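Subject: Structure handover

Hi,

Here is the structure we talked about. Please open it next to this note.

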Amino acid sequence: MTTETAAHNEETATSDLGAPLYVAWQITNECNLACLHCIEESGPGKAFKDELTTEEAYAVIDQLVKAEVPYVSFSGGEPMVRPDFFGMVERITKGGVGLKIETNGHYLTPENCKKLKDLGVKAVQVSLDGASPASFNKMRVHGRFDAALEGIKNLREAQVPIEINFVPAKFNIHEIGAAVDLAHKIGAYSFYTGKLMFTGNAVRTWGITAPDEADYPQFFATLKEKTEEYKGRMRVYFHEMGLLDELRYRLENPAALFIVLPNGKVKLINALPFTCGDLRTDTLGQVWSQFQTAWKSPRVSTFIDRLAEDPSIVSRLHQWEEVGGK
Amino acid sequence: MSYEALIKKAWSSGAYTLDEAEAGKADPAAALSRRAVRLEMEQIAQRETWDVASCFSAHKEGIMKLAPFVKFREEKFGAVLFETRSEKVYTLSPTGAAVVREIVAGADSNNLVDKLKAKFDDPSGKMAGEATSFLAQLKEKGLIVE
């Protein structure tokens with residue numbers, strides 16, 4: 001052991017790590033809702049034809065456990081519609097991995113919340129795009145504001161830590177202050193938001209969803225005020241960076257984060273079409289190595305440069321291109 | 001009294017209640033009633049100390065443990081701590097990793113540094129100094145409980 005280096009805390013260089021620190025796993029593309037802005041273009045009947053089977057999903061989980069990935073999120077689509085959802089939750093939490101569920105909240109019955117608590121889920125993030133039924137129900141087609149609130153109440157009663165996610169749109173951006181207040185009132189410990197992204201379903205609905213750019217300064221000013229107001233009581237996180245700025249930053253500083261698609265393919269980041277491996281056939285170690293290489297590929301930097309000239313190319317995020325893998 | 005202070009008090013005593021004197025000091029600028037403060041305190045305590053029972057157990061036994069929302073993983077360069085609530089990553093040097101390894105093994109706060117000194121050469125006392133300082137940082141950031 002060397003004692004030359006001081007114990008310290010700082011940002012980790014991704015290439016120094018033996019495995020990802022966070023795996024964001026979209027366990028299905030099926031969803032009970034059909035949200036106007038859904039980045040994954042999920043919805044009823046939208047499950048991929050080649051989604052991982054239970055056995056394959058368990059094999060991926062076993063690799064995550066073995067590699068000591070500290071934190072994984074299950075999202076979708078709506079992750080709770082997978083029939084083997086609780087089996088996957090049990091297998092991963094018993095393996096010692098911290099697990100977060102990202103859900104629309106419509107399946108958070110008292111029984112399910114108790115199961116999540118008993119299985120040691122670290123947090124459940126519920127999407128709540130609005131402080132009123134009018135805005136929420138408009139954004140989340142087939143969704144019900146009261147059902148989401150009821151689910152959150154059930155989480156709270158089961159003592160599962162709650163996070164709230166809010167996506168701004170033309171018709172709800174002015175509710176941001178009320179939405180943060182509501183999140184605190186219903187017991188959330190974190191609130192997340194950022195700009196609406198021009199991708200997924202939002203490409204088709206941009207005309208009715210995209211906030212006026214002139215509304216964003218007030219949106220972020222309110223969030224700054226709320227951050228202070230709730231300091232010590234609820235954490236308010238928001239990203240002011242637009243998509244292009246975010247991608248340019250990530251090109252220089254890749255996060256130690258995998259995006260796993262429902263079919264096992266691994267994306268570099270949600271907002272790029274590039275994949276770097278397939279956990280159905282590759283080991284986690286192979287994909288992690290390919291991940292490092294892929295971020296350095298000229299195809300990735302060229303895509304980001306092209307995005308600056310033509311924002312519409314981000315609408316092709318689901319036409320995956322393999323880079324750095326098979 | 002700040003909410004952080006209220007939380008610390010709750011962690012120490014196990015009581016999520018305020019007496020009149022404390023209530024009088026509780027955030028008067030926000031003009032919250034004693035009842036509202038207490039309710040919020042209970043909510044925060046429930047949320048933030050959801051594994052509080054095991055924390056108290058650790059406290060009684062005089063041992064330290066990683067907070068329930070913290071994950072530890074060894075790396076070639078030392079280790080990382082991942083805080084799942086803020087999703088923040090802490091990179092640890094080999095000394096930091098050795099400290100956390102002892103904590104995971106159930107070290108007593110009073111003799112952790114002595115244990116490290118017994119295991120590793122430290123003629124200058126540098127490692128012991130770093131370990132003591134790092135231990136204080138871990139406590140301050142709430143990454144360990146005792």
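Predicted model: local features only at pLDDT ≥ 70, side-chain atom pairs only at ≥ 80, totals over all residues.

Residues are numbered from 1 along each chain as its sequence is written, and chains are lettered from A and ligands numbered from 1 in the order in which they are written.

Helices (H or I, at least four residues) and strands (E, at least two) are DSSP runs, numbered from the N terminus.

The sheet in chain B
Three strands form an open antiparallel sheet, ordered β2-β3-β4. Strands pair if DSSP finds at least two bridges between them. β2 (70-75) and β4 (88-92) of chain B are the edges, each pairing on one side only. The twist averages 20 degrees from one strand to the next. β2(B) and β3(B) (residues 78-83) pair over six bridges. B:E75 sits opposite B:G78 of β3(B).

The helices in chain B
Angles run from 0 to 180 degrees between N-to-C directions; axes are lines fitted to C-alpha atoms, for helices over the stretch in contact. Contact means C-beta atoms, placed from the backbone, within 7 Å.

- α5(B) lies across β2, β3 and β4 of chain B, at about 60 degrees to β3(B).
- α5 (residues 94-104) and α6 (residues 112-119) of chain B pack at about 120 degrees, axes 10 Å apart. B:A98, B:V99 and B:E102 of α5(B) meet B:L112, B:K115 and B:L116 of α6(B).
- α6(B) and α7(B) (residues 126-140) pack at about 150 degrees, with axes 10 Å apart.

One helix in chain A
In α6(A) (residues 176-185), A:I176, A:A179, A:V180, A:L182, A:A183 and A:H184 are buried. Buried means 20 or more other C-beta atoms within 10 Å of the residue's own, exposed 12 or fewer, partly exposed in between, with C-beta atoms placed from the backbone. The buried residues of α6(A) pack against β5 (162-166), β6 (190-194), α8 (216-229) and β7 (235-239) of chain A. After α6(A) comes A:G187, with a positive phi near 100 degrees.

Best wishes

Definitions and conventions:
Contact = placed C-beta atoms within 7 Å.
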